[in-house]
Amino acid sequence: MNKAFVKETNDDDAVSPMPEMPVGVRNYITPDGYQALQTELQHLLDVARPAALQADAESADMESAPEASLREIDTRIHYLQTRLETAEIVDASVHADGDQIFFGATVEYDNAAGERHRVTIVGLDELDPAQGRISWLSPLAQSLLGAHEGNAVSLETPAGDEELQVLTVRYPRSS
């Protein structure tokens with residue numbers, strides 16, 4: 001039987017599952033995020049998968065590492081195809097002249113300690129906290145969404161509510 005249809009229990013062969021979209025949640029994504037997923041998918045289909053197939057064919061009688069790599073690539077391809085099919089592209093540039101926070105906004109705010117932060121509110125497949133790209137479903141984004149420049153918002157944290165002061169709201173310009 002083809003191994004693709006057999007559930008293997010060996011932890012060495014396990015492919016880490018891709019994060020699921022929460023039930024009932026829309027798959028919002030920025031145009032740049034959508035393009036990045038398309039680019040990654042095309043790379044996997046045109047470069048990575050053929051290379052893994054070649055490596056698998058060359059090492060058929062050796063170790064199974066190329067097979068594991070091929071499974072990981074195929075899993076990622078399936079994940080990307082599913083996410084792209086369900087994606088709802090949100091062009092935040094329509095809000096370019098506004099000061100209210102919507103999906104796609106880059107927000108600068110001060111916290112209660114006076115520390116300044118900048119975040120961009122993006123889709124689940126675009127988040128990169130180290131770069132200030134946070135999911136629109138995160139508690140911080142949920143606290144900020146709908147607020148305007150100059151507003152104070154409350155962020156519920158494990159240590160209690162924290163007041164944030166919204167300083168600026170910016171959107172990408174249409175290209």
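## Rings, cores and one threonine

Y28, F103 and W136 are linked into a cluster by ring pairs. Rings of Phe, Tyr and Trp (its six-membered ring) count as a pair if their centres lie within 6.5 Å; planes under 30 degrees apart are stacked, over 60 edge-to-face, and the rest tilted.

Before going on, a word on the model: it is predicted, so local features need pLDDT of at least 70 and side-chain atom pairs count only at pLDDT 80 or more, while totals for chains, interfaces and linings use all residues. Residues are numbered from 1 along each chain as its sequence is written, and side-chain values use heavy atoms, with hydrogens and water left out.

Back to the rings. The structure holds 2 aromatic pairs. In one of them, Y28 and F103 have ring centres 5.9 Å apart and planes at 55°, so this pair is tilted. Y28 sits in strand β1 (residues 27-29) and F103 in the loop between β2 (87-89) and β3 (106-110), so the pair ties together parts 75 residues apart in sequence. Helices (H or I, at least four residues) and strands (E, at least two) are DSSP runs, numbered from the N terminus.

How open are these spots? Buried means under 20% relative accessible area, exposed over 50%, and partly exposed in between (1.4 Å probe, protein chains only).

| Residue | Relative accessible area | Class |
|---|---|---|
| Y28 | 22% | partly exposed |
| F103 | 11% | buried |
| T120 | 17% | buried |

T120 belongs to strand β4 (residues 116-122). Its side chain makes a polar contact of 2.8 Å with that of T106. (That's a pair of N or O atoms within 3.5 Å; within protein, one must be able to donate a hydrogen and the other to accept it, and residues adjacent in sequence count only if both atoms are side-chain atoms.)

Now the greasy part. A nonpolar core is a set of buried Ala, Val, Leu, Ile, Met, Phe, Trp, Tyr and Cys residues joined through side-chain atoms within 4.5 Å. The largest one has 20 residues, and I101, V107, V119, I121, L140, L144 and V166 have the most contacts inside it. At least two residues each come from β3, β4, α3 (139-144), β6 (152-157) and β7 (160-170). A second, separate core of 13 residues includes Y34, A52, I73 and L80.

Finally, confidence: pLDDT is the predictor's confidence in each residue, from 0 to 100. The protein chain averages 87, with 83% of its residues at 70 or more.
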